[in-house]
Amino acid sequence: MTEPVSVAMGQGSSCWGCYQSLVDIHLRLADVLPKLDIKFWACVADFKHKDLESYPDGSIAVGFYEGVARTEEDLHLLKTMRKKCKTLIAFGSCSCFGGIPGLANFYDIEDALKVKFKDNKTVSGGQVPTENVPPFEPVIRPNSDYVDFDIYLPGCPPTSDLIFTAVSALLEGKEIELPPYAVCHYCNREKKETPIPEILRPYEGVADPDRCLLEQGYVCLGSATWGLCEGQCVNRGATCRGCFGPVPPISQDQGAAGVGMLGTYAPIEPDKILEKCKDPLGMFWRFSYPSSHLGRIRIRREEAKTK
Amino acid sequence: MTEAAQETKTTSEDWEPKIVAFCCNWCSYAGADLAGTSRIQYPPNARIIRVNCTGRIDPEFILAALDMGADGVLVSGCHPGDCHYTSGNLKMRARWALIKRAVEQAGIDPRRIRLQWASASEAQIFADGVTLLTEQVRKLGPLRGQWR
């Protein structure tokens, strides 16, 4: 048997769902785990920052970083991970594009703290904690602004199959090949190229199980989304919400692509569209706001405030 | 230009709004041409980019322009129903509703972007649109300076 590969698993602010999905590779873990030499994984064992810091620079073969840098501690961990790992993987959509935690940038930090701590409905006399917790970053920037990643593995979460493929390739020292197709490529529904007369919310009507959801009027972001999920949602009757981010090149603006796509299919009166899409920023930029053009403008604005 | 130089320029008094104007080949670009040959006066702030149809304008063009330093964006096309390609401008109109609201949600004043319809013979309407947007943006100030 070959030498185990050293890995470090770091996480910033996130829901831990990506590591949950990693554990969900289930019985295949029996094949993978013996080949891994886990150097740091605070999520499953009692590792401290000083453990990671004590390794020589570049001594760990592969690092996974999940989540965004919301606090100074996250940022410190992210930078330490980059220093210690030869290959650093942006693990999950938060780490790649900003993801769900990135939606906090809709508000400035004061408003966000008000909702979370000060005026929280479930506490009285709430205060922002200052003791024994790391301070907040004023705004969420995409992780790639702070460090360079070698591999982007998006998804909310990345599917267990995708993780298994990626980890197996890494263990064999091969390049990870990620097919560059959109979700539509994997969708089994029939498409007839018809414009849609009206937009439907998910709870309206009954969807035909064999026809393209978008053509039936449901807003499905499949054509603007990277299909590494292999069309799980669309083939089971749910519209795509865009959790795998933009189709490669992933530097493009997923939300803008989604808006363009919907305009093509639904060339109807603006009022009729806005009546059903009340929150376009949250609908089309749900997983990629901080790394989009609009998100960049917002980040500059928030940073100018703190200067 | 270095970033520092650009910063001072955007805050100084002789700042001029930078407007990116996307004009469709068949109506508004011809309208802009007519405005020129008819010697209609309008502000020189608009940088006109010719596209075949407003339906060709990816929403990313508009958002990227704002991100990269434009203070305002104008999109000008054929009247609904008059599109050279039958429905390109209707697609733009649908996208525009979403773009405008998203821009507003992201904290940018929606008066910085404008969609207008101007046919090849409506030089005055085109020129008035450019004037209106330029004056609106001039009042709002530089996009980068808005939050200082």
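Which residue forms a salt bridge with Arg82(A), and how far apart are the closest N and O atoms? The partner is Asp150(A), with the closest N and O atoms 3.2 Å apart. A salt bridge here is a side-chain nitrogen of Lys or Arg within 4 Å of a carboxyl oxygen of Asp or Glu. Arg82(A) lies in helix α4 (residues 72–84) of chain A and Asp150(A) in the loop between α6 (109–118) and β5 (151–153) of chain A, so the pair ties together parts that are 68 residues apart in sequence. Over all chains, the whole structure has 20 salt bridges.

This is a predicted model: local features need pLDDT of at least 70, side-chain atom pairs count only at pLDDT 80 or more, and totals for chains, interfaces and linings use all residues. Residues are numbered from 1 along each chain as its sequence is written, chains are lettered from A in the order in which they are written, and side-chain values use heavy atoms, with hydrogens and water left out.

**The interface of chain A and chain B**

In contact (heavy atoms within 4.5 Å) are 31 residues of chain A and 24 residues of chain B. The buried area is about 2,600 Å², and carbon and sulfur atoms give 66% of it. Buried area is the accessible area (1.4 Å probe) that two parts lose on being put together, summed over both. The count between the two chains is one salt bridge.

| Salt bridge | Closest N and O atoms |
|---|---|
| Arg300(A) with Asp67(B) | 3.0 Å |
| Arg82(A) with Asp150(A) | 3.2 Å |

On chain A, α9 (254–265), α10 (270–276), α11 (280–284) and α12 (293–306) each supply at least two residues of the side that touches chain B. The largest share, eight residues, comes from α12(A). Helices (H or I, at least four residues) and strands (E, at least two) are DSSP runs, numbered from the N terminus.

**The sheet of chain B**

Chain B has an open sheet of four strands, in the order β2-β1-β3-β4, with parallel pairing. Strands pair if DSSP finds at least two bridges between them. The edge strands are β2 (46–51) and β4 (113–117) of chain B. Six bridges join β1 (residues 19–24) of chain B to β2(B). Cys24(B) stands opposite Val51(B) in β2(B).
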